[in-house]
Amino acid sequence: MSPKHVIFKKLSRDKSVGVYMAKRDFVDHCDSIDPVDGVVLIDPVQVKGKKVFVMLSCTFRYGRDDMDVMGVAFRRDIFLTTRQVYPELQDKERSIHTKMQEKLLRKLGDNAIPFFFEQPFYLNLCALYGILNSQPLCSQRCAVEFEVKAFCAENQDEKIEKRSSVRLAIRKIQYAPEDSKTIPSSEITCEFLMSDKPLHMQVSLEKETHYHGEPIKVSVYINNSSSRSLKDITVAVEQVTNVVLYSNDKYVRAVALEETSDTVPPGTTLKNVYTLIPLLAANKERRGIALDGKLKHEDTCLASSSIVKEEVLKEVQGMLVSYKVVVRLNASGEVAVEVPFRLMHPKPEPG
């Protein structure tokens with residue numbers, strides 16, 4: 001028995017155009033990006049002699065659509081490309097790129113037209129993200145959104161009528177790369193006044209890349225040769241979100257936290273393993289948390305780490321997300337050690 005293929009379908013209100021796509025998740029492989037393809041179904045009677053266009057857009061949204069403060073727009077197109085599909089500008093057979101398009105064309109008939117977009121390399125930015133309740137001024141969200149739109153118009157630059165257009169949100173996602181054999185670790189040595197010997201703290205993780213929902217084991221070793229007593233040890237996973245397109249805002253939020261009662265008296269050592277699991281379920285009511293994008297009412301999760309090539313321009317990155325484990329302790333002043341890591345989705349098995 002052959003597996004079922006889910007087809008995503010959406011029609012305009014006046015039924016003039018409809019979009020059919022075999023998938024809505026497109027993978028960014030860092031060295032290449034999956035092309036966006038599908039089929040547009042046209043009703044020539046409802047189109048009424050107008051042209052039909054398909055648009056692929058990547059938009060950065062900062063706050064509500066209707067906000068405009070001191071002339072600063074809160075919505076900006078990072079990437080936008082539009083193609084005319086009706087009347088057709090080239091032979092239909094030349095526009096077919098995938099087997100799924102061939103199957104849809106056979107099923108939908110003569111009024112179905114294929115479309116195909118290659119995503120530019122510089123769009124090597126993170127998947128679609130949103131920030132929950134980022135700040136009072138922008139109480140709605142901050143996000144990078146990808147969308148396919150089909151619409152009827154006399155030309156592509158005129159105002160688009162909502163009843164004659166259809167919008168289908170898509171996602172661009174990244175999967176975790178092959179993990180290196182390097183064990184992430186960091187250490188610090190502190191010397192204090194009135195103390196002959198230093199304090200040494202080392203923090204390490206099992207691996208560089210962790211998957212969403214996977215426990216993160218944090219190994220902490222403290223050698224307190226100083227004369228100070230150490231207490232109030234806290235271990236946290238912090239999410240760092242840089243909104244780089246407009247104002248270079250930076251949000252640092254602890255998405256998993258363990259406050260311990262462990263102490264390290266002078267001249268003693270501590271060796272312990274703490275386990276943290278960063279989950280959206282424990283952070284839904286918090287401000288400034290970046291999320292992976294979702295389609296309709298699907299569940300989502302904390303935003304995955306961003307992997308961006310160095311040559312990609314800052315202006316088209318929109319939002320960048322990273323994670324780190326931070327261990328803090330009180331030694332009559334805060335001492336902290338940070339270990340960066342990646343939090344991502346595992347790459348699916350072939351097939």
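The following legends describe close-up views of one predicted protein model.

Residues are numbered from 1 along each chain as its sequence is written, and side-chain values use heavy atoms, with hydrogens and water left out. Because the model is predicted, local features require pLDDT of at least 70 and side-chain atom pairs count only at pLDDT 80 or more, whereas totals for chains, interfaces and linings use all residues.

**Figure 1. Overview of the chain.** The secondary structure comprises 2 helices and 22 strands; helices (H or I, at least four residues) and strands (E, at least two) are DSSP runs, numbered from the N terminus. Of the 351 residues in the chain, 46% are buried, where buried denotes under 20% relative accessible area, exposed over 50%, and partly exposed the range in between (1.4 Å probe, protein chains only). Among contacts with a separation of 6 or more, 68% involve residues 24 or more positions apart; a contact requires heavy atoms within 4.5 Å. The accessible surface amounts to about 18,800 Å², and carbon and sulfur atoms contribute 48% of it. Accessible areas were computed by the Shrake-Rupley method with a 1.4 Å probe, and for residues only the protein chains shown count as cover.

Figure 2. Strand S2 (residues 17–21) and strand S4 (residues 36–42) run antiparallel and are joined by 4 bridges. Valine 19 has valine 40 in S4 as its bridge partner.

Figure 3. In soluble globular proteins, nonpolar side chains tend to be buried together. A nonpolar core is here a set of buried Ala, Val, Leu, Ile, Met, Phe, Trp, Tyr and Cys residues joined through side-chain atoms within 4.5 Å. The largest such core has 37 residues, and those with the most contacts inside it are Val218, Ile222, Val237, Tyr323, Val325, Val327 and Leu329. Elements giving two or more residues to this core include strand S14 (199–205), strand S16 (216–224), strand S17 (231–243) and strand S21 (319–330). Apart from this core lies another, of 31 residues, among them Val54, Phe60, Ile170 and Tyr251. Beyond its neighbours within four places in sequence, leucine 329 contacts Leu199, Met201, Ile222, Leu230, Lys231, Asp232, Ile233, Glu334 and Val335.

Figure 4. S17 is mostly covered, with 10 of its 13 residues buried. S17 pairs with S21 in the antiparallel sense over 11 bridges, and lysine 231 stands opposite asparagine 330 in S21. The pairing of S17 with S18 is likewise antiparallel and spans 10 bridges. Here, glutamine 239 has arginine 253 in S18 as its bridge partner.

**Figure 5. Salt bridge between arginine 171 and aspartate 25****.** Side chains of opposite charge can pair when their charged atoms come close. The structure holds 11 salt bridges, each defined as a side-chain nitrogen of Lys or Arg within 4 Å of a carboxyl oxygen of Asp or Glu. In the pair shown, arginine 171 and aspartate 25 have their closest N and O atoms 2.7 Å apart. Arginine 171 belongs to strand S12 (residues 165–173) and aspartate 25 to strand S3 (residues 25–27), and the two are 146 residues apart. Arginine 171 is buried at a relative accessible area of 14%, whereas aspartate 25 is partly exposed at 27%.

Figure 6. Glutamate 208 lies in the loop between S14 and strand S15 (209–211), and arginine 342 in strand S22, so the pair ties together parts that are 134 residues apart in sequence. Glutamate 208 is partly exposed, at a relative accessible area of 25%. Glutamate 238 is buried at 7% relative accessible area, while arginine 328 is partly exposed at 24%. Through shared partners, salt bridges join Glu238, Lys324, Arg328, Glu334 and Glu338 into one network.

Terms used:
Pairing = 2+ DSSP bridges.
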